[in-house]
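Hi everyone, thanks for making time this morning.

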Amino acid sequence: MRIVSLSGSLRENVGKKDAKALRRDAKVPCVMYGKGQQYLFAVPQTEFQRILFNPEPCFVEININGEKHQAMLKDIDFHPVTEIVYHCDFYELSDDKEIVMSIPVHTTGTSCGVMKGGKLAYKQKRLNVKALPANMPSEILIDITNLDVNQRCKVQDIATDNYAILNPKSSEVVVINSTRAAAMSTEESTEAE
């Protein structure tokens, strides 16, 4: 799992006035909770680009006045007009407590259905995964080599080692759709026989 570092400073005052003053100084008011103690801090606006503009999931190492905390992004609010980060919630990770994250789905191999002219379609590009932080995958790889035209891979078909997928077991993840080219190649092969 990718780790992004952020450095922040503790907030001395809490409230609307203080939050507005931080935003004028191009800082984002943040809160971190999870291990009992709650931290209120501010992070420069520019540091969020490494988290927001990358589709890969990540853990965040937050340095607050020299003290490092391992966390995950829990919630983020944007300004409704300018779309700058307005507020951020982080959840502090614990080695023995499971977390839930949205993990991207990627395929590997070349499908025999695609070779016949079928088209690969993602029904779900991300799946909700529950695992300990050490076991959280950075991606879910699905081998599509054996998928033929009109065949699909469901959540129940995905092998999971140290994590659980929370999406319904019968929901489809990827499917090889039939196309005109695939239908024509099927007709030609049946005529040849």
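The largest nonpolar core has 24 residues, and Ile 140 and Ile 142 have the most contacts inside it. By nonpolar core I mean a set of buried Ala, Val, Leu, Ile, Met, Phe, Trp, Tyr and Cys residues joined through side-chain atoms within 4.5 Å. Buried is under 20% relative accessible area, exposed is over 50%, and partly exposed lies in between, with a 1.4 Å probe and protein chains only. Two or more residues of this core come from each of S7, strand S9 (126-131), S10 and strand S13 (172-177); S7 gives the most, with four residues. Helices (H or I, at least four residues) and strands (E, at least two) are DSSP runs, numbered from the N terminus.

A second, separate core has 19 residues, including Val 4, Leu 6, Cys 30 and Ile 64.

A quick word on provenance. This is a predicted model, where local features need pLDDT of at least 70 and side-chain atom pairs count only at pLDDT 80 or more, while totals for chains, interfaces and linings use all residues. Residues are numbered from 1 along each chain as its sequence is written, and side-chain values use heavy atoms, leaving out hydrogens and water.

Back to Ile 142: which residues does Ile 142 touch, not counting those up to four places away in sequence? They are Val 105, His 106, Thr 107, Thr 108, Cys 153, Ile 158, Val 173 and Val 174, with contact meaning heavy atoms within 4.5 Å.

Now the aromatics. The whole structure holds two aromatic pairs; rings of Phe, Tyr and Trp (its six-membered ring) pair if their centres lie within 6.5 Å, and planes under 30 degrees apart count as stacked, over 60 as edge-to-face and the rest as tilted. Tyr 33 and Tyr 91 form an edge-to-face pair, 6.2 Å centre to centre with 75° between the planes. Tyr 33 lies in strand S2 (residues 27-33) and Tyr 91 in strand S6 (residues 85-92), so the pair ties together parts that are 58 residues apart in sequence. Are these two buried or partly exposed? Tyr 33 counts as partly exposed, at 30% relative accessibility, whereas Tyr 91 is buried, with a relative accessible area of 15%.

That's my tour, folks; happy to chat about any of it.
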